[in-house]
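Subject: Structure handover

Hello,

Here is the structure we spoke about. Please open it first, then read the notes below.

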Number of protein chains: 2
Amino acid sequence: MARILKGKEVADALTARMQQDVEELKAQGVTPTLCIFRVGERPDDLAYERGATKRAQAAGVKVKNLILPADVPQDVFDRELNRVNKDDTIHGILLFMPLPKHLDTERARQMLNPAKDVDGCTDLSLAGVFTNTKTGFPPCTAQAAMEILHHFDIPVSGKKAAVIGRSLVIGRPVGMMLMHENATVVNCHTRTIDVPSITREADILIAAAGRLHSVTRDFTNPDQVVIDVGINWDEEKGGISGDVAFEDVEPHVQAITPVPGGVGSVTSSVLIGHVIEAAKRTQSAGIAGRV
Amino acid sequence: MARILKGKEVADALTARMQQDVEELKAQGVTPTLCIFRVGERPDDLAYERGATKRAQAAGVKVKNLILPADVPQDVFDRELNRVNKDDTIHGILLFMPLPKHLDTERARQMLNPAKDVDGCTDLSLAGVFTNTKTGFPPCTAQAAMEILHHFDIPVSGKKAAVIGRSLVIGRPVGMMLMHENATVVNCHTRTIDVPSITREADILIAAAGRLHSVTRDFTNPDQVVIDVGINWDEEKGGISGDVAFEDVEPHVQAITPVPGGVGSVTSSVLIGHVIEAAKRTQSAGIAGRV
């Protein structure tokens, strides 16, 4: 029987810390504010928006919603993004991507003000992940996986970690973040030969392939901590399930995150934490500017 | 007896290709130009400058030297860097770092025009390495290691690669570049426990720890290709040697680069290749701009 690493516990601890930070900022006359910038009404976006709004409220962070119709012309989109980019009362922008096909997602990614890039999608945020500096912010899901390890006091330094996946939103950044904390990391991917032989050697396994139940018992070892980042539609269950075949794996590892209720429950807290951090950075820059 | 992967052969092949590219650019009225920007007279910098100048001449690339005294004031340094940043006749800038202590190396790194960052030190270049896009340029030494693998037709896709080292100039970028070419990569570092047990499993070993003769036979396997990136002063020999204990390792691996005469001989060719690529990019942007 594995220890079940529940995301709610992590999210609640993060929220408690954030409430303190928000109090301090408000005492200085700053209300950390997130702009949720959405084009159209995709169900996934709406679900994440509800979660983020709830977490923001719990932490005392203000949310402004900017919603554009799915057929918004490029020039209107650009004008609105530029406006929130420049608006000093907005500290973070969550821009749902990919955008509808007639809009240029890559250009939008580059247009986004890196100082407000709280979901870590601009080049400068990704450079920060690679160089381990506070340039922008890491992608929220990658940081959520790290927050779970930290919260449950799972040692990272000197440990072996295997990441299944190499995407820019999770696989590559979480690999870097683990290495910055002195883990020895291998990223497996679609061209890796015999993935289980590699992941079995790891103390920490991050499953982020995006394939339902693709991680089975033979990928693991009894001392392993398994973090399941997958969010997949499970036809059989009629709900979401992870990349890990939970029933098969859970009895045979040391600890594991459930899906739902694992990494996904922490992501929106990390996002709100970034908004607060962005507000703090603006504040220190402002104070430095006044000296 | 291992196959000895000589850098000269790779550099010569690169130069031959570059000569063609330079011909084409010159036919369009563009002479690719490198600015070597040096503060003071450090012997290492002077040695690299000589090598780069020679390679530039061989390829038909022009070199402009901008040399400032070791005690140049910050404002003069900034003014000169800004001037070459903006000079349209200069396509690439090689800025020797670290700068003397009274100058701000980190600020200089960020000031450098990313389009001219031919040694891959700015955040945008590093973001390009991480995201696998042509934003800026990868660090020359990391690309030199890859050029050697390519030139000698050493398969990378689906292979296991181990990198010893995680620096921003070589360990991390070469790990990323190997992964972008579908290798399964592990970066070992000072906090890795039992490095030999990990590197022994690799088809390709990149030694980039910067420690003389630290890689011995027990780190390798008989089918392994070893790329030695180390450039260390060898007291006993009275010359430079690599990270690999060559005499010990060479008889027991499939292929190996010597030091000197390996990766180091390819680096300046890669630099000159970047200057030509920068000139090409300016040229296509110019043509696109005129349409």
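At what angle do helix α1 and helix α6 of chain A pack? The angle is about 90 degrees, and the axes are 10 Å apart. Axes are lines fitted to C-alpha atoms, for helices over the stretch in contact, and angles run from 0 to 180 degrees between N-to-C directions. The two helices, α1(A) and α6(A), are therefore roughly perpendicular (angles of 65 to 115 degrees).

Before going on, some ground rules. This is a predicted model: local features need pLDDT of at least 70, side-chain atom pairs need 80 or more, and totals for chains, interfaces and linings use all residues. Residues count from 1 along each chain as its sequence is written, while chains are lettered from A and ligands numbered from 1 in written order.

Helix α1 of chain A spans residues 7–27, and α6 spans 140–151. Helices (H or I, at least four residues) and strands (E, at least two) are DSSP runs, numbered from the N terminus. From α1(A), A:Gly7, A:Glu9, A:Val10, A:Ala13 and A:Leu14 meet A:Glu147, A:Ile148 and A:His151 of α6(A). Contact means C-beta atoms, placed from the backbone, within 7 Å.

Now the chain pair. 23 residues of chain A contact 23 residues of chain B. On the chain A side, α5 (123–131), α7 (171–180) and β6 (184–188) each supply at least two residues. α5(A) gives the most, with six.

Last, the domains. An automatic or database assignment gives chain A domain 1 (28–115) and domain 2 (140–264).

Best wishes

Technical notes:
Two residues are in contact if their C-beta atoms, placed from the backbone, lie within 7 Å. Angles under 35 degrees count as roughly parallel, over 145 as roughly antiparallel, 65 to 115 as roughly perpendicular and the rest as oblique.
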